[in-house]
Structure formats: structure tokens, C-alpha cells
Amino acid sequence: MVRLLCPAWLLGLTICPLPTVAAETIRIRIEDLAYTPQHVAAHVGDAVEWTSRDYVAHTATARNREWDVVIPAGGIGRVMLTHAGKVEYYCRYHPNMQGSISVAAPP
Ligand SMILES: [Cu+2]
């Protein structure tokens with residue numbers, strides 16, 4: 001699904017005089033205690049969605065404590081990326097599970 005973002009909406013405008021940007025959903029699979037792909041690139045405004053195929057619960061926990069998402073067994077977890085930078089994350093239950101998201105400024 002495509003969402004459109006317009007900076008002018010923050011100012012209460014209903015039409016967008018600026019170029020709109022299609023925000024994306026970055027999908028990461030969790031299987032056999034690993035994030036796949038392990039490293040992804042995204043932009044501010046994108047969402048990241050983890051889908052687990054494992055039979056145990058996992059988390060996606062940012063090392064900078066920006067977010068901590070619990071992903072139930074066979075379930076989905078989601079986070080919105082609100083600012084730029086590289087975020088390293090891991091699973092609190094299985095610390096060997098590690099990944100990263102490089103978040104660039106909006107295109
Ligand atoms: Cu885990």
C-alpha cells in the first residue's frame with residue numbers, strides 16, 4: 001500500500017503545493033532466529049514491518065532505545081521511521097539476532 005506524505009499537511013493545508021513522496025513499507029522476514037534481509041535501507045517516513053515465521057516470540061529492539069517492538073510467534077511488528085541515521089537493532093530474547101536499518105532523509 002502506498003501512502004503519500006506532504007510537508008504542507010503538517011501546516012493544516014488540504015492540498016499539497018509541494019512534491020509528494022511515496023512512503024514505503026520495508027518488509028523484513030524473521031525465520032530460524034534471523035532477520036532477512038539483515039541490513040536494509042529506508043527513508044524517514046517509511047514503515048518497517050517484521051513478519052515472523054518462527055514458533056517463538058522475538059523483538060526488534062533499537063540499540064539507541066528509539067523503539068522496542070515485540071513480534072509474537074508467527075506475527076507481525078511494525079515501526080515508523082521518524083528520523084535519519086543508522087539504527088542497529090537486536091532481539092532481547094535472542095541477542096545473537098541482529099540487524100540494521102540505514103535511514104536517509106526523505107527523498
Ligand atoms: Cu528472538
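1. Let's start with the copper site of this predicted model. Three residues coordinate the copper ion, at 1.9 to 2.1 Å: His58 and His94, each through ND1, and Cys91 through SG. Along the sequence, these donor residues follow the spacing H-x32-C-x2-H. Cys91 has a relative accessibility of 0%, and because buried means under 20%, Cys91 counts as buried.

2. Now to the sheet that holds strand E7, whose residues 58-62 begin with a copper donor, His58. Five strands make up this open sheet, in the order E5-E11-E10-E7-E8, and their pairing is mixed. Strands E5 (39-43) and E8 (68-71) are at the edges; each has a single partner strand, so one side of each is left without a neighbour in the sheet. On average, neighbouring strands here are turned by 20° against each other, direction ignored.

3. A closer look at one pairing in that sheet: E7 and E10 (residues 85-90) run antiparallel and are joined over two bridges. In one of them, Ala62 has Tyr89 of E10 as its bridge partner.

4. There is also an open sheet of four strands, ordered E4-E3-E6-E9, again with mixed pairing. Its edges are strand E4 (35-36) and strand E9 (76-80); each pairs with a single strand, so one side of each is left without a neighbour in the sheet.

Conventions
Residues are numbered from 1 along each chain as its sequence is written. This is a predicted model: local features need pLDDT of at least 70, side-chain atom pairs count only at pLDDT 80 or more; totals for chains, interfaces and linings use all residues. Side-chain values use heavy atoms; hydrogens and water are left out. Two strands pair if DSSP finds at least two bridges between them. Axes are lines fitted to C-alpha atoms, for helices over the stretch in contact, and angles run from 0 to 180 degrees between N-to-C directions. Donors are N, O and S atoms within 2.8 Å of the metal (3.2 Å for Na, K and Ca); water is not among the atoms, so sites may look incomplete. Buried means under 20% relative accessible area, exposed over 50%, partly exposed in between (1.4 Å probe, protein chains only).
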